[in-house]
Amino acid sequence: MAITLYWGSGSPYSWRVLLALAHKRLPYESQLLHFDKQEHQSPQMLKMNPRGRLPVLKDGDYVVFESLAVLYYLEVKYPQQPIFGTTPEEAGVIMRVICEFQAYTEPYVSKIVSAIFTDRVAEGLDELTDAMHVVGREARTIEGRLSKELWIVGAHYSAVDMVIFPWIQLLRRALDKPAGAELRKRFLPMQSNYPALARWIERIEALPGYAGTYPPHWRESPGPAA
């Protein structure tokens with residue numbers, strides 16, 4: 001059976017699946033859809049995912065969407081190069097940290113990124129400053145983990161790294177925009193504020209296949225600040 005991935009450039013949810021496919025060295029047909037053209041809302045896509053969101057993975061006749069469900073499916077169907085650990089205990093920690101990130105960090109990162117990209121920082125600066133404090137606190141927790149291990153959970157690259165990495169990259173890119181100037185100093189430069197996180201980013205960027213996961217439209221403009 002052939003794998004087809006329908007995804008969007010710059011979407012952290014799509015990016016985590018691309019990272020998993022690269023890590024597992026699984027060949028797939030890439031179907032890059034354009035959000036600005038509403039291609040993810042086409043009748044064909046709505047037939048596969050009635051919610052009209054990306055990514056969507058089709059493996060033969062089987063279709064799965066929601067990025068964490070896609071990661072879990074890939075792990076069970078293609079267990080080589082595991083991404084949820086090698087023991088039940090390790091899998092439990094990986095899932096717990098993913099759940100913690102999605103519950104306590106992701107909504108705040110999303111709020112900050114959205115405000116910067118839509119140039120609405122000034123009208124909600126106090127709220128966004130509070131959001132940056134939350135993100136900073138959670139980043140320090142991850143920094144503590146990475147100061148002891150190469151990866152966020154244990155000694156091996158896993159789904160939790162794949163889930164968190166795209167959001168960190170998206171946040172860095174947003175803060176590097178002129179509209180992010182008021183919030184930037186609370187997070188950047190990472191080398192001095194979060195050195196273990198900065199080294200972790202470099203490790204992921206050096207992984208085989210990483211270049212093929214990088215958002216294509218980001219190549220057309222400068223990357224995030226250090």
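Modeller: This is a predicted model. Start at His-217, whose side chain makes a polar contact with the side chain of Ser-9, at 2.6 Å. Where does His-217 sit? His-217 is in the segment after helix H10 (195-205). Along the chain, His-217 and Ser-9 are 208 residues apart. Yet their C-alpha atoms are separated by 6.6 Å. Leaving out residues up to four places away in sequence, His-217 touches Ser-9 and Gly-10. Is His-217 buried, partly exposed or exposed? His-217 has a relative accessible area of 37%. Buried requires under 20% and exposed over 50%, so His-217 counts as partly exposed.

Now move along to Ser-11. Ser-11 lies in the loop between strand E1 (3-8) and helix H1 (12-24). The relative accessible area of Ser-11 is 10%. The cut-off for buried is under 20%, so Ser-11 is buried. What does Ser-11 touch, apart from neighbours within four places in sequence? Phe-35 and Leu-54 are in contact with Ser-11. A polar atom of the Ser-11 side chain also lies 3.1 Å from the backbone nitrogen of Ser-14.

How does H1 meet helix H7 (residues 159-175)? The two axes come within 8 Å and cross at roughly 130°. Which residues make the contact? H1 brings Pro-12, Tyr-13, Trp-15, Arg-16, Leu-19, Ala-20 and His-23. H7 brings Met-162, Val-163, Phe-165, Pro-166, Trp-167, Gln-169 and Leu-170. By class, this contact has 11 nonpolar, 2 polar and 1 charged residues.

Setting aside neighbours within four places in sequence, Val-109 is in contact with Trp-167, Val-135 and Leu-171. Val-109 belongs to helix H5 (residues 106-117). Is Val-109 buried or exposed? The relative accessibility of Val-109 is 3%, so Val-109 counts as buried. Finally, take the pair Val-109 and Arg-219, 110 residues apart along the chain. Their C-alpha atoms are separated by 22 Å.

Technical notes
Residues are numbered from 1 along each chain as its sequence is written. This is a predicted model: local features need pLDDT of at least 70, side-chain atom pairs count only at pLDDT 80 or more; totals for chains, interfaces and linings use all residues. Side-chain values use heavy atoms; hydrogens and water are left out. Helices (H or I, at least four residues) and strands (E, at least two) are DSSP runs, numbered from the N terminus. Buried means under 20% relative accessible area, exposed over 50%, partly exposed in between (1.4 Å probe, protein chains only). A polar contact is a pair of N or O atoms within 3.5 Å; within protein, one must be able to donate a hydrogen and the other to accept it, and residues adjacent in sequence count only if both atoms are side-chain atoms. Contact means heavy atoms within 4.5 Å. Axes are lines fitted to C-alpha atoms, for helices over the stretch in contact, and angles run from 0 to 180 degrees between N-to-C directions. Ala, Val, Leu, Ile, Met, Phe, Trp, Tyr, Cys and Pro count as nonpolar, Asp, Glu, Lys and Arg as charged, and the others, Gly among them, as polar.
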